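Subject: Structure handover

Hello,

My notes on what was found in it follow.

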Amino acid sequence: MPDVHGVTGTPSFGSTIRADVAVIGGGAIGHGIAWEATRSGRSVVVIDDAPGSGASRAAAGMLAPVNELHYQEEDLLELMLEASVRWPGFAADLAAAAGSDPGYLTTPTLAVGADAADRQSLLDLRAVQLANGLAVEPLTIREARRREPLLSPGIACALDTPADHQVDPRLLVACLRRALAGDAGVAGSGVAGAADGFAVPDKASGLLWRDGAVAGVALEGGGTVLAGETVMANGLHAPELTGLPVDLHLPLRPVHGDILRLAVPVHLRPLVTSTVRGLVRGVPVYIVPRQDGTVVIGATQREDALGRGAVSSAGAVSAGGVYQLLRDAQVLVPAVAELELLECTARARPGTPDNAPLLGRVPLLEEPAGRQPAPGRPGAQGSRHVRGLIIATGFFRHGILLTPAAAAICRELMDGIEDPRWAPFNPGRFSAAPSHLVEAAATPPNTQETA
Ligand SMILES: Cc1cc2nc3c(=O)[nH]c(=O)nc-3n(C[C@H](O)[C@H](O)[C@H](O)COP(=O)(O)OP(=O)(O)OC[C@H]3O[C@@H](n4cnc5c(N)ncnc54)[C@H](O)[C@@H]3O)c2cc1C
């Protein structure tokens, strides 16, 4: 696939690039982590032959900890709120570093129900939101329509959520790449052999090991990247890498989403000023207004394998999905019928069994009492984790929101700081026999360092 951001040049076969940090995967998450690592003074490369083309390309960019609250996901709520607090500073610093705007807007969100059952569902959710200290205020239909005159008079309820904001994920990734290129250009601190001082436009094939620690990345094109820290941020495709710690189970599944981009004719602008998140006969739909006079309408949630293979992050757009989105969006805002349809996109969200990310270092268990460490297990000595490896995937519906938090957490891990609040996202939590991970450190599987 072509590099959507126009980076050219691939490391030649057998060549070696050296950096402090190698990030596999150039979506919002990988770029966010890479930029944060750069800001901490580390040299960084982002390995991706098609950066920005995965789930991040489809995302609506809602930064919505309040409306994304689900029952019994309190740990995730804490992470979402942490990200939400970080967003204003992250966006401002990024805009300054990139010299362009990532489209971060503090527009509020209106939750709207189409009928009585939808209203009850939203009120039930509000009870949970209030119990978690979140602000959600009911509006009368008249108040809602004063704010958003094009809302249908037939809606059953509207709830104001001032804390749920938005960013444009495509601008976000473009800004992060500009900032990375800019940082790499400062005082020639870029990585030798990488395009723009940070980009490696190739696919990672596997992890490299040395002395029981991950020491970098083997590239499909035949080159290698040697790094003190390797971050796996390649979304759904993380489990496909060779050389993963033995028995590390990363249970990712594709949850496809269809999403539309439409232009609002000048006479209808602004179609809406808030993000409108609706429930229409129990099915969610949202309309996100952008500054450029377009809106994003999304998104379906399908676990089928329409089009490409079942484990592809890109995918074919579902006709039924597009129909449903346009139908339901018009129930809330009838003028949607008058918009120009610009784009239908489908991508797969990287889902996990508990809807929470796989984020952190891979744990090693202590040797059982009385058992001597086997010879040649340097990775286990003095470390509770596989050294040199951080996992950052499985962001499911929240990867854009969580980008600044994931970046900060990974930077802390690189600095040797482990915040217990994020222990529930441990990437080893689905691995049946974590002690076996020790073997991985002792016996580099599949891929050996070659340089
Ligand atoms: C329709 C839709 C709407 C969404 N809306 C929102 C929203 O409003 N708010 C929100 O917070 N989230 C939203 N999400 C979820 C969000 O898009 C994801 O959680 C987020 O984009 C995940 O980012 P990522 O960087 O982990 O993955 P991706 O963006 O998928 O990036 C992974 C990257 O890894 C690369 N890669 C894969 N294999 C390799 C390899 N072997 N070597 C090198 N590179 C590799 C790919 O090319 C890709 O660029 C939405 C998702 C969808 C599908």
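Strand β14 (residues 283–289) pairs with β15 in the antiparallel sense, over four bridges. Please keep in mind throughout that this is a predicted model. One of the residue pairs across these two strands is I287 with I297, the latter being the bridge partner in β15. β14 and β15 form a hairpin with four residues between them. In that turn, G293 has a positive phi of about 85 degrees.

β15 also pairs with β12, again in the antiparallel sense, and here over five bridges. R261 has V296 of β15 as its bridge partner. Strand β15 covers residues 294–298, and four of its five residues are buried, so the strand is largely enclosed by the rest of the structure.

A second hairpin is made by β9 and β10, with two residues between them. Strand β9 (residues 204–210) and strand β10 (residues 213–219) run antiparallel and are joined by six bridges. Within this pair, G206 stands opposite A218 in β10. D211, in the turn, has a positive phi of about 50 degrees.

Some backbone geometry in the loops is worth a check on your side. The peptide bond from R269 to P270 is cis, with omega near -10 degrees. P270 lies in the loop between β12 and β13 (275–280). R281 is not a glycine, yet has a positive phi of about 50 degrees. R281 has 11 other C-beta atoms within 10 Å and is therefore exposed. N355 is likewise not a glycine and has a positive phi of about 65 degrees. N355 sits in the loop between β16 and β17 (358–360). N355 counts as partly exposed because it has 18 C-beta neighbours inside 10 Å.

Two further residues are described by their surroundings. E340 lies in strand β16. Is E340 buried or exposed? E340 has 10 C-beta neighbours inside 10 Å and so counts as exposed. Leaving out residues up to four places away in sequence, E340 touches L262 and A263. E340 and T294 are 46 residues apart in sequence, while their C-alpha atoms are 9.1 Å apart in space.

The other is V167, in the loop between β7 (165–166) and α6 (169–185). V167 is buried, because 26 other C-beta atoms lie within 10 Å, the cut-off for a buried residue being 20 or more. Not counting residues up to four places away in sequence, V167 touches G61, L63, A91, P102, G103, Y104, L172 and I400. From V167 to V288 the separation is 121 residues in sequence and 9.9 Å in space, C-alpha to C-alpha.

Now the ligand. Which residues come nearest to the ligand? Of the 41 residues around the ligand, they are G25, G27, G54, G257 and G399. The elements that give two or more residues to this shell are α1 (28–39), α2 (55–58), β12 (253–263), β16 (340–351) and α8 (399–414). By residue class, the shell divides into 19 nonpolar, 17 polar and five charged. At least three shell residues come from each of domain 1 (1–108 + 165–252 + 352–451) and domain 2 (115–161 + 254–349).

The nonpolar core comes next. The largest one has 133 residues. V23, I33, V45, I47 and A392 are the residues with the most contacts inside this core. Domain 1 (1–108 + 165–252 + 352–451) and domain 2 (115–161 + 254–349) each give at least three residues to this core. I33 touches V23, V231, A233, A392, A406, A407 and C410, with residues up to four places away in sequence not counted.

Last, the totals for the protein chain. The chain has nine helices and 18 strands. Of its 451 residues, 52% are buried. Among contacts between residues at least 6 apart in sequence, 78% join residues at least 24 apart.

Regards

Methods
Residues are numbered from 1 along each chain as its sequence is written. This is a predicted model: local features need pLDDT of at least 70, side-chain atom pairs count only at pLDDT 80 or more; totals for chains, interfaces and linings use all residues. A residue is near a molecule or strand if its C-beta atom, placed from the backbone, lies within 6 Å of it. Ala, Val, Leu, Ile, Met, Phe, Trp, Tyr, Cys and Pro count as nonpolar, Asp, Glu, Lys and Arg as charged, and the others, Gly among them, as polar. Domain bounds come from an automatic or database domain assignment. A nonpolar core is a set of buried Ala, Val, Leu, Ile, Met, Phe, Trp, Tyr and Cys residues joined through C-beta atoms within 7 Å. A residue is buried if 20 or more other C-beta atoms lie within 10 Å of its own, exposed if 12 or fewer, and partly exposed in between; C-beta atoms are placed from the backbone. Two residues are in contact if their C-beta atoms, placed from the backbone, lie within 7 Å. Two strands pair if DSSP finds at least two bridges between them.
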